[in-house]
Every structure is written in C-alpha cells, then in structure tokens.
Amino acid sequence: MVKVISEGGINHNGSMDLCKELIMLSKVAGADYVKIQKRNPDVCVPEAQKSKRRNTPWGEMSYLEYKHRMEFSEEQIKELCDYSKSLGIEFFASVWDVDSARFMAKYTRIAKLGSASITDYELCKVTRELFDFVIISTGMSTEEEVEKAVEASQPDVIMHTNSTYPCPVGELNLRYIEHLKEKYGDNAEIGYSGHEYGLVSTFAAVAMGSTWVERHVTLDRNMWGS
C-alpha cells in the first residue's frame, strides 16, 4: 500500500490556527502523514542573511527575526502532535539541524531529511540515532552525495526529488526511481516527492514502484509566504 505524506512545510506562516487547518485538510484529503519543517534559525540562517531586512505581514524586520516567528515552541509542537493524533493522522517534521532533530525526537518517531539537508552528514547520523523511521529526499545532490547520505542515515525510505519549484514535467527524470530501486531497494523503500503542478506524474511514480509519495499542500496559493 502506498503511503501519502502531506507536506505543509512552512505554509502555516507561524500560525497555530493555519497549521491545524492544514492538518485537517491533509486528513480530509486522505493523507497518512502530515509534515512541517523544523529549524533553529540561529543555526540555519547564514550569517550574511540574518540582518537583512524583510517585509512581512508583521511589518519590516530582520530576516532572522522573521524566521523565528515562523517556528513553533515545544508546547505548540506537542499540541499539534496531539491534535493530529485526535484526527487519526501522524504528524512529523523535516529537521534542518541537530537541535531540531533532538527537539522533534521528544514527540515523534519519524523524521525526514530534506534535499537541502542530506549533505549534512552529522545531521544524517544523529537523525538515524534519534528516530525509529527516517526518510530522505535526493534532490539537489550528486550521486556521490546521495551515496554518502544513505550510508550516514541508513534511511527507511529514499525519495526521488527534483528540487526545482515548480519543476517542469520534462525535468522530473522519473526513471531515477528505477535506479534507486535497483541500487537500494533491498534495504529501503523508494518514494517520490513531487514539486510539479498536477498529479499525473505522481501516479506514474507509483506505477514505477514508489511506495511513498509526498506532495506540498496549502490553503490558498495566493496566501503570503516565503
């Protein structure tokens, strides 16, 4: 059976109400899991970016302050986990740094390493140590980098991804799914994380053997966001 992950990312804009709406949307849509992203901005935001000014719905502020406003507290994460559980959908996060991995491990058994994170091999190792179930995405990486990430994280699921947002269908290279199955299929399930418009390519990915699927969700494509 194919497992479906609804990726809310940071489309909640730091709002608990919006995040709960995304969780409910994901449940109604039939997803098995709903995911957000968790960062420690002090670690993840490059030094040169931290002091840059940014216009936001809360007024003009530094980029670092804006990123902190997008993050949920420990109490809020626990509330979101409990809310998801009450609906019968499992909540987890992509962890972007070791601090966030340790934070989320208190409340979830599953974690994802997004494409931008799999070359952080320390994070790969720590995530494997902390969580029962680990998913990685392969976008933005060379074959050698994917190999090193797989070695470091020993993932339960490896997702083919093209990290262009949105990705032209002609650049999806879905046959990489077949390559991943041949190379890693004895030790991990193979999935697909899509960033393109439409769902036909996702159906094709399942037909090609993906047993996990992840697609981004939002409440309104015209809503303010990153």
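Strand S2 and strand S5 (residues 90–95) pair in the parallel sense, and six bridges join them. In this predicted model, S2 also pairs with strand S1 (residues 3–9), again in the parallel sense, over four bridges. All six residues of S2, which spans residues 33–38, are buried, so the strand is largely enclosed by the rest of the structure.

- On the S5 side, Tyr33 has Glu90 as its bridge partner.
- S1 and S2 belong, together with helix H1 (residues 16–29), to a β-α-β unit that is right-handed.

**Burial of S2**

- In a regular strand, side chains alternate between the two faces of the sheet.
- In S2, one side carries Tyr33, Lys35 and Gln37 while the other carries Val34, Ile36 and Lys38, and both faces are covered, with each of these residues buried.

**The patch around Leu199**

- Leu199, Val200 and Phe203 form a nonpolar patch on the surface, and together they have about 340 Å² of accessible area.
- Leu199 is placed in the loop that lies between strand S9 (189–194) and helix H10 (200–207).
- The relative accessible area of Leu199 is 47%, and this residue is therefore classed as partly exposed, a term that covers values between the under 20% of buried residues and the over 50% of exposed ones.

Definitions and conventions
Residues are numbered from 1 along each chain as its sequence is written. This is a predicted model: local features need pLDDT of at least 70, side-chain atom pairs count only at pLDDT 80 or more; totals for chains, interfaces and linings use all residues. Side-chain values use heavy atoms; hydrogens and water are left out. Patches are made of residues with over 30% relative accessible area and no salt bridge: like charges are joined within 9 Å, nonpolar side chains (Val, Leu, Ile, Met, Phe, Trp, Tyr) within 5 Å. Accessible areas come from the Shrake-Rupley method with a 1.4 Å probe; for residues, only the protein chains shown count as cover. A salt bridge is a side-chain nitrogen of Lys or Arg within 4 Å of a carboxyl oxygen of Asp or Glu. Helices (H or I, at least four residues) and strands (E, at least two) are DSSP runs, numbered from the N terminus. Buried means under 20% relative accessible area, exposed over 50%, partly exposed in between (1.4 Å probe, protein chains only). Two strands pair if DSSP finds at least two bridges between them. A crossover is right-handed if, with the strands pointing away from the viewer, the path from the first strand over the helix to the second runs clockwise.
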